[in-house]
Amino acid sequence: MTVALMWEARAAGGRGAELLEWARSAAAELARRPLRSELLRAPQDRVLVLTWWEAAYDDELPELPEPDAGLVTRPVHRWRFESLGPLGG
């Protein structure tokens, strides 16, 4: 089974580039390497990290930590999904 972890945070005012670089560095330092990972950004200095793992849904997996409180406007949002495979077409 493939499990996808999503980690999303919103940077404090003017610190979007710093949060993006923090997330890139933190993802590179995970205790294990995921099958795949992707870094995304969105308006309002939001940063999203997606990682895919070959694991059972409830397995303990490495996750990005919380950044320093001054770097973000709110606590990090985290979600876990089971992959159902690619959409055809």
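Predicted model: local features only at pLDDT ≥ 70, side-chain atom pairs only at ≥ 80, totals over all residues.

Student: Where is Val49 found?

Tutor: Val49 is found in strand E3.

Student: And which residues does Val49 touch, leaving out those up to four places away in sequence?

Tutor: Val49 touches Leu5, Met6, Trp7, Ala23, Ala27, Glu38, Leu39 and Leu64. As for His77, its C-alpha atom is separated from that of Val49 by 11 Å, and the two residues are 28 apart along the chain.

Student: Let me change topic to aromatic rings. How many aromatic pairs are there?

Tutor: A search of the whole structure finds 1 aromatic pair. Trp7 and Trp22 form this pair, with 5.7 Å from centre to centre and 25° between the planes. The pair is called stacked because its angle of 25° is under 30 degrees.

Student: Where do the two partners lie in the chain?

Tutor: Trp7 lies in strand E1 and Trp22 in helix H1, 15 residues apart, and the pair links distant parts of the chain.

Student: Are Trp7 and Trp22 buried or partly exposed?

Tutor: Trp7 is buried, at a relative accessible area of 3%. Trp22 is partly exposed, since its relative accessible area is 24%, and that class lies between 20% and 50%.

Student: What about Ser25? Where is its place?

Tutor: The place of Ser25 is in helix H1. At 31% relative accessibility, Ser25 counts as partly exposed. The C-alpha atoms of Ser25 and Leu64 are 9.9 Å apart, and 39 residues separate the two along the chain.

Student: Now the loop between E2 and E3, please. What is the phi of Gln44?

Tutor: Gln44 has a positive phi of about 65°, although it is not a glycine. Gln44 is found in the loop between strand E2 (36–42) and E3. Asp45 is in that loop too, and its phi, near 55°, is also positive in a residue other than glycine.

Student: Why is that worth a remark?

Tutor: Most residues other than glycine have a negative phi.

Student: How exposed are Gln44 and Asp45?

Tutor: Gln44 is exposed, because its relative accessible area of 52% is over the 50% limit. Asp45, at 34% relative accessibility, counts as partly exposed.

Student: To finish, how many helices and strands does the chain have?

Tutor: The protein chain has 1 helix and 4 strands, and read along the sequence they follow the pattern β-α-β-β-β. Of its 89 residues, 31% are buried. The C-alpha trace spans about 40 × 35 × 20 Å along its principal axes.

Student: And the charges?

Tutor: There are 11 positive and 14 negative side chains, and the centres of the two sets lie 6 Å apart.

Definitions and conventions. Residues numbered from 1 in each chain as written. Heavy atoms only, no water. Helix = DSSP H or I, 4+ residues; strand = E, 2+ residues; numbered from the N terminus. Buried < 20%, exposed > 50% of the residue type's maximum accessible area, 1.4 Å probe, protein only. Lys, Arg positive; Asp, Glu negative; His and termini not counted. Charge placed at Lys NZ, Arg CZ, Asp CG, Glu CD. Phe/Tyr/Trp six-rings, centres within 6.5 Å; stacked < 30°, edge-to-face > 60°. Contact = heavy atoms within 4.5 Å.
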